[in-house]
Amino acid sequence: MRVRRRNPCLIQIDDVLALDLGALLRGRSELAADTAACLLCPISGQRIRIPDTELRVIAGLTSDRWHLATEVAATHAVPVSVIEDMAARGLVCSDSNEIPAKALRQAEDRLHAVGWHPQAAVLEALSRWRSVEGEEGAREHGDLAQLERLRSQEAAYGVIPPHFHIHRDASSHLKLVHQPLDGPLGEVLTRRRTSRHLRTDTPLPLAEFSRVLGGTFGATGTETLAPGMVAVKRTSPSGGALHPIDAYPLVVDVAGVAPGFYHYQSRDNSLALIRPMTPEEARRQASALTAGQTYFGNASTLVFHVARLDRHHWKYRRHPKAYKAVLLDSGHLSQTFYLLATERSLGVFFTAAMNDGDVLDLLGLDPLCEMVIGANGLGLVDTTDDRLDLHPSPYSPDAGREPVA
Ligand SMILES: Cc1cc2nc3c(=O)[nH]c(=O)nc-3n(C[C@H](O)[C@H](O)[C@H](O)COP(=O)(O)O)c2cc1C
């Protein structure tokens with residue numbers, strides 16, 4: 001067998017707490033601090049523990065050429081079984097034709113072919129959620145409970161940095177003329193808010209759904225940049241004019257649309273059904289995929305933002321800003337989605353706290369190529385309740401009060 005170093009091979013030294021055996025022998029139960037090296041795997045998203053001897057083995061390997069396992073073992077004075085075991089745990093790649101070794105090699109090749117920046121690939125894999133159920137939906141949401149949470153945050157981390165930042169080094173100040181946000185756009189911008197109370201007794205009309213979805217993710221123009229290479233325009237900007245983010249609506253209750261997971265095809269403004277569901281299953285998934293934020297589970301539809309990184313990284317290969325740029329695209333699309341929904345007085349939200357790994361699994365997408373960023377939710381506003389929403393007063397610089405974030 002031959003082995004080589006993983007590529008990328010990002011190693012982190014963690015602090016770990018373990019039971020202090022010395023103290024245990026003396027009849028006391030104490031924790032002892034120790035350190036542990038871990039390989040951060042961009043394929044599985046796991047932290048793989050590396051014992052000290054194996055750390056030295058990894059440091060002696062190159063990633064671009066194979067090394068005989070017997071020679072590596074001899075160099076480090078360890079049995080060859082240690083090297084074989086490292087390959088089995090994914091600490092090194094091996095040239096074995098067994099499925100796990102082959103799959104790891106193919107996945108690394110794919111990561112490189114897609115053009116991932118190594119640190120971004122690791123961050124994405126290690127921050128992916130599956131079956132996470134936060135306590136957000138279940139916890140007490142009254143004013144007192146909310147105040148209590150803010151107070152304990154303050155007790156733990158000190159006073160929140162102020163909302164309004166004063167730059168101490170400014171040499172002069174110029175007061176600007178106040179321009180009221182009037183006109184139709186100003187009115188929509190001022191009304192925009194996140195809604196956490198949506199109706200489950202009436203379906204969202206198809207025309208409303210189509211307008212917000214198509215108005216955000218639909219094509220509004222094209223321009224040929226080179227023979228065979230056409231840039232497509234949308235209502236939001238996109239880094240490199242690439243528009244790598246596709247919309248995947250989970251339809252729960254939209255008039256005339258069967259529940260299920262769809263792909264929005266902007267080419268012809270249509271919905272492609274990927275995974276049909278019963279209404280109950282679609283509702284359950286809406287809540288589970290938003291990590292137990294039960295109020296978001298009431299949305300008529302959740303529109304997931306899924307980036308196709310092979311398209312984006314085709315232009316920005318292993319680029320240090322590529323990951324940031326893709327996330328920013330999603331932010332722009334979300335704001336457009338919010339504004340189109342607000343214009344029609346629909347309830348709208350965005351959530352980043354969601355089980356992106358489960359979305360990939362449900363849609364059968366390739367995690368090495370596709371990244372689920374977040375979801376916009378849409379529905380009819382439940383006007384009988386607004387306890388979970390913000391209720392801001394109009395801003396007045398003279399009010400003399402420091403807003404709490
Ligand atoms: C990137 C992003 C992630 C968000 N994630 C959540 C979330 O997981 N849960 C939630 O209740 N609200 C979420 N929100 C909504 C914010 O809480 C909301 O925008 C904020 O409270 C300000 O309220 P407003 O949108 O009504 O102005 C998110 C907003 C953004 C932009």
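**Entry 1: Arg 5**

I began with a polar contact: a side-chain polar atom of Arg 5 lies 3.1 Å from the backbone oxygen of Leu 61. The model I am reading is a predicted one. I placed Arg 5 in strand S1. Leaving aside neighbours within four places in sequence, I listed what Arg 5 touches: Ile 58, Leu 61, Thr 62 and Ser 63. The relative accessible area of Arg 5 is 27%, so I noted Arg 5 as partly exposed.

**Entry 2: whole protein**

I then stepped back to the overall figures. The protein has 405 residues, of which 39% count as buried. I found 13 helices and 14 strands listed for the protein. The C-alpha trace spans about 75 × 65 × 55 Å along its principal axes. For the accessible surface I noted about 23,300 Å², with 55% belonging to carbon and sulfur atoms. Of the contacts between residues at least 6 apart in sequence, 71% join residues at least 24 apart.

**Entry 3: the annotated domain**

I looked up the UniProt record, an unreviewed entry, and it places the feature "domain: Nitroreductase" at residues 190-374. Over residues 190-374 I read 34% helix and 26% strand. The end C-alpha atoms of that stretch are 24 Å apart.

**Entry 4: helix H9**

I checked the length of helix H9, residues 206-217. Its twelve residues, at 1.5 Å a residue, should span 16 Å, and the end C-alpha atoms are 16 Å apart, so the two values agree. Which residues of H9 are buried? I wrote down Glu 208, Phe 209, Val 212, Leu 213, Thr 216 and Phe 217.

I next looked for what covers the buried residues of H9. The cover includes the strands S9 (245-251), S10 (260-265), S11 (270-276), S12 (301-308) and S14 (370-379). Helix H12 (322-343) is also part of the cover.

**Entry 5: helix H6**

For H6 I listed the buried residues as Ala 120, Ala 121, Val 122, Glu 124 and Ala 125. Those residues pack against strands S2, S3 (31-40) and S14. They also pack against helices H5 (99-114), H12 and H13 (356-363).

**Entry 6: His 312**

I found His 312 in helix H11, residues 309-315. Is His 312 buried or exposed? Its relative accessibility is 1%, so His 312 counts as buried; the cut-off for buried is under 20%. Apart from neighbours within four places in sequence, His 312 is in contact with Leu 242, Pro 244, Ala 322, Ala 325 and Val 326.

**Entry 7: Val 132**

I located Val 132 in the loop between helix H6 (118-126) and helix H7 (143-157). With a relative accessible area of 27%, Val 132 is partly exposed. Its contacts, neighbours within four places in sequence left aside, are Ala 288, Ala 291 and Asn 355. For a distance I took Val 132 and Ala 59, which are 73 residues apart in sequence and 35 Å apart in space, C-alpha to C-alpha.

**Entry 8: backbone geometry**

Last, I went through some backbone angles. As background, most residues other than glycine have a negative phi, and most peptide bonds are trans. Where is there a cis peptide bond? I found one from Asn 7 to Pro 8, with omega near 0°. Pro 8 is in the loop between strand S1 (2-5) and strand S2 (10-19).

Ala 77 has a positive phi, near 50°. I placed Ala 77 in the loop between helix H3 (69-75) and helix H4 (80-88). At 70% relative accessibility, Ala 77 counts as exposed.

Ser 345 also has a positive phi, near 55°. Ser 345 belongs to the loop between H12 and strand S13 (347-351).

Conventions
Residues are numbered from 1 along each chain as its sequence is written. This is a predicted model: local features need pLDDT of at least 70, side-chain atom pairs count only at pLDDT 80 or more; totals for chains, interfaces and linings use all residues. Side-chain values use heavy atoms; hydrogens and water are left out. Helices (H or I, at least four residues) and strands (E, at least two) are DSSP runs, numbered from the N terminus. The expected span of a helix is 1.5 Å times one less than its number of residues. Buried means under 20% relative accessible area, exposed over 50%, partly exposed in between (1.4 Å probe, protein chains only). Contact means heavy atoms within 4.5 Å. UniProt positions are given in the numbering used here, feature names are shortened, and annotations may be inferred rather than shown by experiment. Accessible areas come from the Shrake-Rupley method with a 1.4 Å probe; for residues, only the protein chains shown count as cover. A polar contact is a pair of N or O atoms within 3.5 Å; within protein, one must be able to donate a hydrogen and the other to accept it, and residues adjacent in sequence count only if both atoms are side-chain atoms.
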